[in-house]
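Please look through the structure shown here before reading on. The text then goes from the whole chain to some of its parts.

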Amino acid sequence: MIYSALTRKTPYERKPRSGRSRVADILSDRRIQRTARGQKMSVREITRASRLQISKNTVHRRIIESRYIIHSKMARRLPLSKLHTSKRLQWARTDMSYGDKWKAVLFSDEKKNGTSMVLKRT
């Protein structure tokens, strides 16, 4: 293998890569990574800030390719405030003493959106 490479008459050259060429060049990739590193932004916001004609999936791939940026999903909801927590606890305490009335409530399976249907038997 090495002998054939050394005795080759034509110089060794890399073959051109097959497939589609990259949309963004190296400078654009650096700009995307610099924007992502600077502050907490979503991929969509970084795409708008970069002002390039590229998709948000491309921006996401460039962030993943960067070894210096740790990407993570943003929280979907804000955490409950102390007021909401206290109101939930108050509601739960009042309904804990529902007693035998719970036998009249029929719970069905949960739906796709995470809500459950509650039917009262009469």
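What follows describes a predicted model, beginning with the chain and ending with one residue.

The chain has 122 residues, and buried residues make up 15% of them. Its secondary structure comes to five helices and two strands. Read from the N terminus, the order of the elements is α-α-α-α-α-β-β. Contacts can also be sorted by how far apart in sequence the two residues are. Among contacts between residues at least 6 apart, 26% join residues at least 24 apart.

Consider next how some of the helices pack. Helices α2 and α3 have axes 10 Å apart and pack at an angle of about 130 degrees. Angles from 65 to 115 degrees count as roughly perpendicular and those over 145 as roughly antiparallel, so α2 and α3 are oblique to each other. The crossing of α2 past α3 is right-handed. On the α2 side, the residues that meet α3 are Arg31, Ile32, Thr35 and Ala36, and on the α3 side their partners are Ile46, Ala49 and Ser50.

Helix α3 also packs with α4, at an angle of about 100 degrees and with the axes 9 Å apart. With that angle, α3 and α4 are roughly perpendicular to each other. Here Val43, Arg44, Ile46 and Thr47 of α3 meet Lys56, Val59, His60 and Ile63 of α4.

Which residues of α4 are buried? In this helix, which runs over residues 56–65, they are Thr58, Val59, Arg62 and Ile63. Seen down the axis of α4, these buried residues fall within an arc of 140 degrees, so they line one face of the helix. An α-helix has 3.6 residues a turn, so residues three or four places apart point the same way. What covers the buried residues of α4 includes α2, residues 26–38, and α3, residues 43–50.

Is threonine 47 buried or exposed? Its relative accessible area is 12%; the cut-off for buried is under 20%, so threonine 47 counts as buried. Leaving aside neighbours within four places in sequence, threonine 47 is in contact with Leu52, Ile54, Ser55, Lys56 and Val59. Val59 is one of the buried residues of α4. A polar atom of the threonine 47 side chain also lies 2.8 Å from the backbone oxygen of valine 43. Valine 43 is itself among the α3 residues that meet α4.

Note on methods: Residues numbered from 1 in each chain as written. Predicted model: local features only at pLDDT ≥ 70, side-chain atom pairs only at ≥ 80, totals over all residues. Heavy atoms only, no water. Buried < 20%, exposed > 50% of the residue type's maximum accessible area, 1.4 Å probe, protein only. Helix = DSSP H or I, 4+ residues; strand = E, 2+ residues; numbered from the N terminus. Arc of directions from axis to C-beta. Contact = heavy atoms within 4.5 Å. Polar contact = N/O pair within 3.5 Å; in protein donor to acceptor, adjacent residues only side chain to side chain. Axes fitted to C-alpha atoms, helices over the stretch in contact; angles between N-to-C directions. Parallel < 35°, antiparallel > 145°, perpendicular 65-115°, else oblique. Left-handed = near helix turned anticlockwise from the far one by under 90°.
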